[in-house]
Amino acid sequence: AADKAALLKRVEETIAAHDILRVKGFADVKGSSARLLVQAVGPRLNSYFDRPWKASERRATELVVIGGKHMDRDAIAAMLRG
């Protein structure tokens, strides 16, 4: 993610637009040496930098999205990517 605020805004907008119950995971934010932990339950979103990335870890943004039946996975992924 190029920008923490922009990423979190996309997460909020995606939750509002789809039947999403929960989002959780980590994000690689440009310019930060630490992982951004992202957790959302319904519209409540929490995030913080939890620890530095380990040398053995692949720096990537990986979010798990949990929702109701018949979620449009492609549309959700596109919204989260921006």
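The structure is a predicted model, in which local features need pLDDT of at least 70 and side-chain atom pairs count only at pLDDT 80 or more, while totals for chains, interfaces and linings use all residues. Residues are numbered from 1 along each chain as its sequence is written, and side-chain values use heavy atoms, with hydrogens and water left out.

Helices (H or I, at least four residues) and strands (E, at least two) are taken as DSSP runs and numbered from the N terminus. Helix 1 has 14 residues. From its first C-alpha to its last, helix 1 reaches 20 Å, close to the 20 Å expected at 1.5 Å a residue; the expected span is 1.5 Å times one less than the number of residues. Burial is described by relative accessible area, with buried meaning under 20%, exposed over 50%, and partly exposed in between (1.4 Å probe, protein chains only). The buried residues in helix 1 include Leu7, Leu8, Val11, Thr14 and Ile15. These residues cover an arc of only 120° around the axis, which puts them on the same side of helix 1; the arc is that of the directions from the helix axis to the C-beta atoms. The face of helix 1 turned away from this buried side carries the exposed residues Ala5, Ala16 and Ala17.

Strand pairing was assigned where DSSP finds at least two bridges between two strands. Strand 1 (residues 20-28) pairs with strand 2 in the antiparallel sense over seven bridges, and valine 23 has alanine 40 in strand 2 as its bridge partner. These two strands form a hairpin with five residues between them, and glycine 31 in the turn has a positive phi of about 90°. Strand 2 also pairs with strand 3 (residues 44-52), again in the antiparallel sense over seven bridges. Here valine 41 stands opposite arginine 44 in strand 3. The hairpin of strand 2 and strand 3 has two residues between the strands, and glycine 42 in its turn has a positive phi of about 60°. Strand 2 (residues 34-41) is largely enclosed by the rest of the structure, because six of its eight residues are buried.

Salt bridges were counted where a side-chain nitrogen of Lys or Arg lies within 4 Å of a carboxyl oxygen of Asp or Glu. By this rule the count comes to six salt bridges. One of them joins lysine 9 and glutamate 13, whose closest N and O atoms are 3.9 Å apart. Lysine 9 and glutamate 13 are four residues apart in helix 1 (residues 4-17), and are therefore separated by about one helical turn. Glutamate 13 is partly exposed, with a relative accessible area of 39%.

A salt bridge also links the side chains of arginine 35 and aspartate 50 (2.5 Å, N to O). Since arginine 35 lies in strand 2 and aspartate 50 in strand 3, the pair ties together parts that are 15 residues apart in sequence. Arginine 35 counts as buried at 10% relative accessibility, whereas aspartate 50 is partly exposed at 28%. Between glutamate 57 and arginine 51, the closest N and O atoms of the salt bridge are 2.7 Å apart. Salt bridges that share partners join Arg35, Asp50, Arg51 and Glu57 into one network.
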